[in-house]
Structures are given as C-alpha cells and as structure tokens.
Amino acid sequence: MSKIIVEHSVKSSLYDEVAQKKKGILKDNCITYNVDGIIRINVNDNIVLFEKENDSIKINLKFEKNKSIITKYFIKDLNTEIKLETRTKELIINENDIYIKYDLYMNGEFSDTFEYKIEWRDL
C-alpha cells in the first residue's frame, strides 16, 4: 500500500471538474481517494473500473477500449437504478496516469461525451 497524491479532471460539454492534490491510497492496482465521495479506480489488464459513492449516489462505470459496456447508476434518495452504457473511444493507461474518453448513454439515450484524466504520484 502506497500513499499518493491524486489529481483528476472530468470534462464534458456541460461539466468541468478539476480536483488537485487529493490524498489517496494505491494498493493492488486500485486507487482510492475522495472528491465529493469515495472514488475507486481499479485497473486490470486494459480494463478500468470506476466507482464513486457518496450519500446520494453510487455509480459504477467500466471502460475497455472500443467496447460498449452496460453498468449502473443508483440514486439513493429515490431508490432508483438507471442503466448506463459507456462506449469507450480512447483508453490510455500509463504507469502514473490514465486517460479515458467515452460516450455515456442513460437508459439507451446519448447523454454526453466525457474525458476523464487521473494522475498520481507518491506522497
């Protein structure tokens, strides 16, 4: 287990979030840190699993280059589950950063194109 510093950005046509210098943990190809909830990034082979959970929501996304994958978005207050589909356009995994560009569909309808980038270094 290593303590790390994480920086991430999430961008779309309607959304732009940048989180800098967040403390996190890297253990067994899993990065865990907190930005408005606990975020876990698991990397196995050329697949990235993204999970975010806070008091309101739980979202699970799976990314594999040139693949379309169905996952879930759970809204806790409404006890409602929404089907998500990620269509991964780009997936670049390096030693200390990951870049993902994907189209997101909610209940079968196009939502937006997102770019997610995470970088980390030892604390």
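# Strands and salt bridges: a chat

Me: How do β7 and β8 pair up?
Reply: They pair in the antiparallel sense, over 8 bridges. Two strands count as paired if DSSP finds at least two bridges between them. Strands themselves are DSSP runs of E, at least two residues, numbered from the N terminus.

Me: Before we go on, what kind of model is this?
Reply: It's a predicted model: local features need pLDDT of at least 70, side-chain atom pairs count only at pLDDT 80 or more, and totals for chains, interfaces and linings use all residues. Residues are numbered from 1 along each chain as its sequence is written, and side-chain values use heavy atoms, with hydrogens and water left out.

Me: Ok, back to the strands. What sits between β7 and β8?
Reply: The two form a hairpin with 4 residues between them. In that turn, N79 has a positive phi of about 50°.

Me: And which residue in β8 does Y73 stand opposite?
Reply: That's I82.

Me: What about β8 and β9, how many bridges there?
Reply: 9 bridges join them, and they run antiparallel. β9 covers residues 97-106. The hairpin joining β8 to β9 goes through 3 residues, and I92 stands opposite Y99 in β9.

Me: New topic: how many salt bridges are there?
Reply: The count comes to 6. A salt bridge here is a side-chain nitrogen of Lys or Arg within 4 Å of a carboxyl oxygen of Asp or Glu.

Me: What's the partner of E53?
Reply: K76, with the closest N and O atoms 2.8 Å apart. This pair links distant parts of the chain, 23 residues apart: E53 is in strand β5, while K76 is in the loop between β7 (68-75) and β8 (80-93). E53 is partly exposed at 28%, and K76 is partly exposed at 28%.

Me: And E64, how far is it from K67?
Reply: They form a salt bridge with closest N and O atoms 4.0 Å apart. E64 counts as partly exposed at 24%, and K67 does at 42%.

How values were computed
Buried means under 20% relative accessible area, exposed over 50%, partly exposed in between (1.4 Å probe, protein chains only).
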